[in-house]
Amino acid sequence: MKSEYEHMETVRNGKEKNSWIAPYVAQYRWRFIAVIALGTCAALCAVLLLFTSGFLISKSALRPENILMVYVPIVGVRAFGIFRAVFRYIERLAGHDAVLRVLADQRVKLYRILEPQALFLRSRMQTGDVLGALADDVERLQDIYLRTVFPAVTALVMYGGAVIAFGSIDLGFAVWMGLYMLFLVAVLPVISLKVTWGNGVCG
């Protein structure tokens, strides 16, 4: 009975944590989509910069007869280098703008939850310490978006694009890459979640 109770507490705590994340993803989905699109463009420019610079080095090593034969790769290296920095900068601005809006809504939600219990909290502990601790917890939620959600989704988009590109060349290799992505996205998180729940029950 005790283990079942602890398991239910773990599930309930997980749902409470999700209530601080999932609703804001739906509310600011267009801003998040814009951030992911900008991150994808920045990553794509980085890939094209790597390809173009490698092509330029290889072509230059062959000693072309005319500089015009490598003029297009030279312009490409400059353009992709500039656009990569521009897209990355705009992505950071848009990402922090969206996350700060989410944090503002979360702080309002936090204070509305604490307001009915203000007298109880004041009689038991210092109000400033409670608000400071909870505000720090809300502040740490921004890392979920900036360091986990946005980079992970951007990587999945790039990986999906790579699977489609390889599929046009070798369908079998693309299938294996797709299965590997399915393992990373679906199977591995389920295993991690079960292990986490198991450790929570045993602990």
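**Close-up views of side-chain contacts**

The structure holds 5 aromatic pairs, where rings of Phe, Tyr and Trp (its six-membered ring) pair if their centres lie within 6.5 Å, with planes under 30 degrees apart counted as stacked, over 60 as edge-to-face and the rest as tilted. The model is predicted, so that local features need pLDDT of at least 70 and side-chain atom pairs count only at pLDDT 80 or more, while totals for chains, interfaces and linings use all residues. Residues are numbered from 1 along each chain as its sequence is written, and side-chain values use heavy atoms, with hydrogens and water left out.

**View 1. The aromatic pair of F32 and F150.** The two rings are arranged edge-to-face, 5.3 Å centre to centre and with 70 degrees between the planes. F32 belongs to helix α3 (residues 29-61) and F150 to helix α7 (residues 142-167), so the pair ties together parts 118 residues apart in sequence; helices (H or I, at least four residues) are DSSP runs, numbered from the N terminus. F32 is buried at 5% relative accessibility, and F150 is buried at 4% (buried: under 20% relative accessible area; exposed: over 50%; partly exposed: in between; 1.4 Å probe, protein chains only). F32, Y145 and F150 form one aromatic cluster.

**View 2. The salt bridges of D97.** A salt bridge is a side-chain nitrogen of Lys or Arg within 4 Å of a carboxyl oxygen of Asp or Glu, and by this rule the count comes to 3. D97 meets R31 at 2.9 Å, N to O. D97 lies in helix α4 (residues 71-114) and R31 in helix α3, so this pair ties together parts 66 residues apart in sequence. D97 also meets R101, at 3.2 Å, N to O; R101 and D97 are 4 residues apart in helix α4, about one helical turn. Through shared partners, R31, D97 and R101 are joined into one network.

**View 3. The salt bridge of R88 and E91.** The closest N and O atoms are 2.9 Å apart. Both residues lie in helix α4, where 3 residues, about one helical turn, separate them. R88 is partly exposed, at 32% relative accessibility, whereas E91 is buried, at 10%.

**View 4. A nonpolar patch on the surface.** Its members include L156, Y180, F183 and V195, and the patch has about 740 Å² of accessible area together (Shrake-Rupley method, 1.4 Å probe; for residues, only the protein chains shown count as cover). Patches are made of residues with over 30% relative accessible area and no salt bridge, like charges being joined within 9 Å and nonpolar side chains (Val, Leu, Ile, Met, Phe, Trp, Tyr) within 5 Å. Helix α8 contributes the largest share, 8 residues.

Methods:
Helices (H or I, at least four residues) and strands (E, at least two) are DSSP runs, numbered from the N terminus.
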